[in-house]
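Take a look at the fold below. This report walks through its sheets, its surface and its pocket.

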Amino acid sequence: MIGKRVPPAALFVAAATTLVLLAPAASAHSSPQARRAARGGPGVWTKIATIDNGFDYPGILRTADGKLHVVWRKHLSNGHYAYGYSNVALNGAMGGTGTVLNNWEALEEDPDIVHDGGGMRLLFKGGQDTNPANFFGRGSVYTLTSSAAGTAWSLQHVSVMQHTALNGSFSATAEQDDTPVAVAALNAQLFIHEGTDSAAPAAAADTTVTLSSGDYFNQSAATASNGSVWVAYFRSFSNPTSLDGYYVQQIFPSKGQPMKAPASTPKPGGDNEPRQAVAMIARPQGGVYLAY
């Protein structure tokens with residue numbers, strides 16, 4: 001899984017007040033009894049944090065050591081925001097926890113973690129303040145990096161998207177050479193930025209993908225095993241309405257044609273729109289999986 005978030009079903013359970021993860025199995029070398037004892041038995045959930053609203057969507061990444069790294073938004077008592085951090089071992093044990101970024105006037109609710117060499121990169125949209133003279137006060141998409149341990153995070157003096165007026169969800173992935181790819185939506189357009197930029201917002205233009213009608217909702221991004229980058233999204237308000245539904249589309253190294261998921265158009269009066277990022281991950285043997 002490359003720079004992906006936890007599937008929406010798991011987050012839905014946690015959406016009301018608490019971010020939780022179902023503790024995964026321990027090492028295959030331990031006995032079943034030891035694994036059950038280590039994680040508290042089947043169906044036991046590990047509480048990570050209390051989040052500030054039901055629409056928050058954490059960034060999540062599993063590193064090569066098996067640890068699951070999670071970053072989420074915290075609402076501070078002074079009205080500002082921070083990003084909290086925890087990791088969870090394979091046996092469900094809580095590891096390091098702390099604060100990734102603290103006391104910003106604005107932070108969006110859907111940060112994303114991707115791989116970065118032997119470490120991690122967090123991509124997020126926000127503003128340290130509202131001073132346009134401040135590089136981090138322009139409401140751009142910024143990035144932090146960390147070692148695989150996640151014990152210390154460094155704010156990078158770069159941005160990762162030219163567009164800033166966004167009303168859709170934010171998502172990201174990393175290419176096989178660790179180049180970050182940021183994806184965000186504004187109504188009928190997706191804005192896609194490859195790489196970092198020394199200006200904020202980015203001086204280099206974003207790649208765009210535009211619908212003939214309707215809007216993009218809750219897109220996600222993934223890097224396939226052959227290096228191609230894909231987006232998945234839910235399309236709504238289309239004309240005709242039969243175009244509504246779930247789609248996947250290759251965006252790098254070249255734009256492919258949108259491919260609609262079978263039987264994904266809502267029935268009359270029905271609602272199958274995702275409330276969080278569309279569940280898509282790369283398949284080890286090539287291509288991607290889409291759940292809907």
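Two strands pair if DSSP finds at least two bridges between them. Strands here are DSSP runs (E, at least two residues) and helices are runs too (H or I, at least four residues), numbered from the N terminus. With that rule, four strands form an open antiparallel sheet in the order β12-β13-β14-β15. β12 (170-174) and β15 stand at the edges with a single partner strand each, so one side of each has no neighbour in the sheet. From one strand to the next, the twist averages 20°. For such angles, axes are lines fitted to C-alpha atoms, and angles run from 0 to 180 degrees between N-to-C directions.

This is a predicted model: local features need pLDDT of at least 70, side-chain atom pairs count only at pLDDT 80 or more, and totals for chains, interfaces and linings use all residues. Residues are numbered from 1 along each chain as its sequence is written, and side-chain values use heavy atoms, with hydrogens and water left out.

**The whole protein**

The protein has two helices and 21 strands. Of its 292 residues, 49% are buried. Buried means under 20% relative accessible area, exposed over 50%, and partly exposed in between (1.4 Å probe, protein chains only). The accessible surface is about 12,800 Å², and 55% of it belongs to carbon and sulfur atoms. These areas come from the Shrake-Rupley method with a 1.4 Å probe.

**Strand pairs**

A second open sheet has the order β3-β4-β5-β6, again with antiparallel pairing. Its edge strands are β3 (59-62) and β6 (94-104), and each pairs on one side only. Neighbouring strands of this sheet are turned by 15° against each other on average, direction ignored. The table lists some antiparallel pairs.

| Pair | Bridges |
|---|---|
| β4 (residues 68-75) and β5 (residues 81-88) | eight bridges |
| β9 (residues 119-127) and β10 | six bridges |
| β10 and β11 (residues 153-159) | four bridges |
| β13 (residues 180-186) and β14 | six bridges |

W72 has G84 in β5 as its bridge partner. V181 stands opposite E194 in β14.

**Strand β10**

How many of the six residues of β10 (residues 141-146) are buried? Six of the six are. In a regular strand the side chains alternate between the two faces of the sheet. On one side of β10, V141, T143 and T145 are buried; on the other, Y142, L144 and S146 are buried. F124 has Y142 in β10 as its bridge partner, while L144 is partnered by L155 in β11. β10 and β11 form a hairpin with six residues between them. In the turn, G150 has a positive phi of about 75°.

**An exposed loop residue**

A205 lies in the loop between β14 (189-194) and β15 (207-210). A205 counts as exposed because its relative accessibility is 59%. Leaving out residues up to four places away in sequence, A205 touches Q162 and H193. Contact means heavy atoms within 4.5 Å. A205 and H193 are 12 residues apart in sequence, and their C-alpha atoms are 7.5 Å apart in space.

**The largest pocket**

A pocket is an open set of points on a 1 Å grid where a 1.4 Å probe fits, with protein on both sides within 12 Å along at least five of seven lines; lining residues have an atom within 4 Å of a point. The largest pocket has a volume of about 440 Å³, counted as the space filled by probe spheres set on the points. Its lining holds 23 residues, and D110, N167, G168, S169 and N218 lie nearest its centre. Strand β16 (residues 215-223) gives the most to this lining, with four residues.
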